[in-house]
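Good morning, colleagues. Please look at the model on the screen while I go through its aromatic contacts.

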Amino acid sequence: MTDLLLLPGDGIGPEVTAQVRRVAQALTPDLTLDERPFGGASYDLHGTPLTDEALAAARASRAVLMGAVGGPKWVDAPRDRRPEAGLLALRAGMGVFANLRPALCFQPLADASSLKREVVEGLDFMIVRELTGGIYFGSPRFIEDLPGGGQRAVDTQVYTTAEIERVARVAFELARGRRNKVTSAEKSNVMDSGLLWRRVVTALHQREYADVELEHILADNAAMQIVKNPKQFDVMVTDNLFGDILSDISAQLTGSLGMLPSAALGLAGTPGLYEPIHGSAPDIAGQGVANPLAAILSFEMALRWSLGRAAEADRLYAAVERALENGARTRDLGGALSTVEMGDAVLTEL
Ligand code: IPM
Ligand code: MG
């Protein structure tokens with residue numbers, strides 16, 4: 001069984017995962033690594049963004065680390081074979097329904113945020129995004145021609161009790177190991193799925209997690225509160241689409257999208273999927289200037305959550321912190337280091 005399967009993908013994906021490979025080889029040389037083309041890179045080779053073989057390899061690994069998918073080259077690919085469709089199929093195929101997206105501000109980067117230092121300094125909260133349901137996967141979905149001209153497009157937002165409950169459970173469990181507070185974000189004021197979401201989270205809370213503080217918030221208000229006073233949050237659980245949006249907002253609080261990792265987890269004993277939150281960044285792809293820290297920190301999460309190597313994860317986290325303290329900055333952080341030089345900086349601290 002492979003320990004870590006790398007799916008470099010597209011755009012800056014291959015550049016940042018190359019740094020993960022270097023870090024893994026230095027920090028945990030005993031881990032076995034493997035690699036598959038994914039996303040647009042796989043589409044170009046095999047006509048599909050995720051081959052059956054790559055999915056099987058992912059499911060047979062202990063952890064999967066994805067770089068990034070998509071780019072202008074594939075915008076006209078058939079919709080079900082777009083690179084993004086491969087990512088959704090990977091998430092669904094691995095059953096990783098709970099997406100942990102930390103928003104934490106590294107001390108030396110408090111001034112890199114577009115928000116005031118006092119708002120973000122010391123920030124540390126976690127978004128738990130539902131990842132395999134909701135409007136991303138609901139059917140029907142289609143675009144149809146209307147008789148009188150024009151078209152009509154339909155997407156379906158759908159959630160079951162079981163889907164809501166299992167992701168909420170992850171949030172409550174996480175909160176118990178942190179500051180013991182869960183904020184559940186939905187739009188129960190306008191959406192039936194939001195109403196069910198609120199009811200299910202409330203019932204689970206009363207039944208099993210009454211010791212954890214629970215607060216409900218409307219998703220639009222959550223967006224506002226995240227930029228107004230993000231330190232009020234500990235764990236925020238929300239659906240797939242709101243989680244996509246709210247996690248981009250939170251990422252910016254921390255200075256750069258290039259800093260934040262994520263972990264997508266399924267049932268106990270199944271492999272986790274680790275991804276930097278940043279996308280493929282086609283505008284800087286191939287220039288060697290992308291920040292590899294989000295990918296390196298995604299590896300840190302893999303060590304912690306899937307590979308049972310918490311001690312090495314701690315060492316890696318500390319090395320990243322020290323590299324930043326010592327002034328290591330890629331362009332997104334206002335510096336001039338290349339991708340490889342930032343990898344060097346972390347390796348030096350290790
Ligand atoms: C993310 C990305 C993906 C998503 C895209 C690339 C399909 O934005 O991981 O946040 O929407 O989930
Ligand atoms: Mg996103």
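This is a predicted model: local features need pLDDT of at least 70, side-chain atom pairs count only at pLDDT 80 or more; totals for chains, interfaces and linings use all residues.

A pair of aromatic rings is described by the distance of the centres and the angle of the planes. The structure holds four aromatic pairs. One of them joins tyrosine 159 to tryptophan 197, with 5.3 Å from centre to centre and 75° between the planes, an edge-to-face arrangement. Where in the chain do these partners of the pair lie? Tyrosine 159 sits in the loop between strand E7 (151-156) and helix H6 (161-176), while tryptophan 197 belongs to helix H7 (residues 192-208). The two are 38 residues apart, and the pair thus links distant parts of the chain. Both tyrosine 159 and tryptophan 197 are buried.

Next, phenylalanine 172 and tyrosine 209. Their ring centres are 4.8 Å apart and their planes meet at 15°, so this pair is stacked. Phenylalanine 172 is in helix H6, and tyrosine 209 is in the loop between H7 and strand E9 (213-218). Here too distant parts of the chain are linked, at a separation of 37 residues. Phenylalanine 172 and tyrosine 209 are both buried.

As to the charge, arginine 129 lies over the face of tyrosine 136, 5.2 Å from the ring centre.

Technical notes
Residues are numbered from 1 along each chain as its sequence is written. Chains are lettered from A and ligands numbered from 1 in the order in which they are written. Side-chain values use heavy atoms; hydrogens and water are left out. Rings of Phe, Tyr and Trp (its six-membered ring) pair if their centres lie within 6.5 Å; planes under 30 degrees apart count as stacked, over 60 as edge-to-face and the rest as tilted. Helices (H or I, at least four residues) and strands (E, at least two) are DSSP runs, numbered from the N terminus. Buried means under 20% relative accessible area, exposed over 50%, partly exposed in between (1.4 Å probe, protein chains only). A charge sits over a ring if NZ of Lys or CZ of Arg is within 6 Å of the ring centre and within 35 degrees of the ring normal.
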